Amino acid sequence: MQHEEKKLTLIINELLTLLLLNGAEEIDVNIKRKGDASEITMIHRQCKYDAKFIEKMKYNLNTQRQSEVEGYYWQLVGEDDSSNELHLVGAMIDTAEVDMKQNDLHIFLVRKK
């Protein structure tokens with residue numbers, strides 16, 4: 001797929017920006033590329049998000065992947081600092097899991113080529 005590395009970078013950038021704007025001081029990022037899929041794991045350590053924030057993030061990241069939306073709008077991801085574009089990230093990924101484990105926010109994304 002064309003621009004695959006750039007798309008992964010924009011997905012990570014959007015999530016990092018959102019977490020940093022929400023006061024993140026410690027974030028772990030891990031990327032695994034396996035065959036035709038890439039897995040992104042982010043852990044925001046010692047955070048205090050409420051259930052509403054977590055549910056909104058889950059909802060936006062779990063929109064169905066939309067190749068036509070991705071084709072037109074992927075370059076816009078991460079362009080706006082004032083609002084989040086998780087719905088565009090959701091259109092670019094296949095699977096998203098968002099969970100609070102103790103005081104850490106865990107985000108796991110899978111993007112297939």
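Biologist: What do the side chains of Asp28 and Arg45 form where they meet?
Modeller: Asp28 and Arg45 meet in a salt bridge, 2.7 Å from N to O. A salt bridge here is a side-chain nitrogen of Lys or Arg within 4 Å of a carboxyl oxygen of Asp or Glu. Asp28 lies in strand E1 and Arg45 in the loop between E2 and helix H2 (51-61), so the pair ties together parts 17 residues apart in sequence. Strands (E, at least two residues) and helices (H or I, at least four) are DSSP runs, numbered from the N terminus.
Biologist: What should I know about the model itself?
Modeller: This is a predicted model: local features need pLDDT of at least 70 and side-chain atom pairs 80 or more, while totals for chains, interfaces and linings use all residues. Residues are numbered from 1 along each chain as its sequence is written, and side-chain values use heavy atoms, without hydrogens and water.
Biologist: How many salt bridges are there in the whole structure?
Modeller: Six. One of them joins Glu4 and Arg111, at 2.7 Å from N to O. Glu4 is in helix H1 and Arg111 in strand E4 (residues 104-112), so parts 107 residues apart in sequence are tied together.
Biologist: Is Glu4 buried or exposed?
Modeller: Glu4 is buried, at 3% relative accessible area. Buried means under 20%, exposed over 50%, partly exposed in between (1.4 Å probe, protein chains only). Arg111 is buried too, at 1%.
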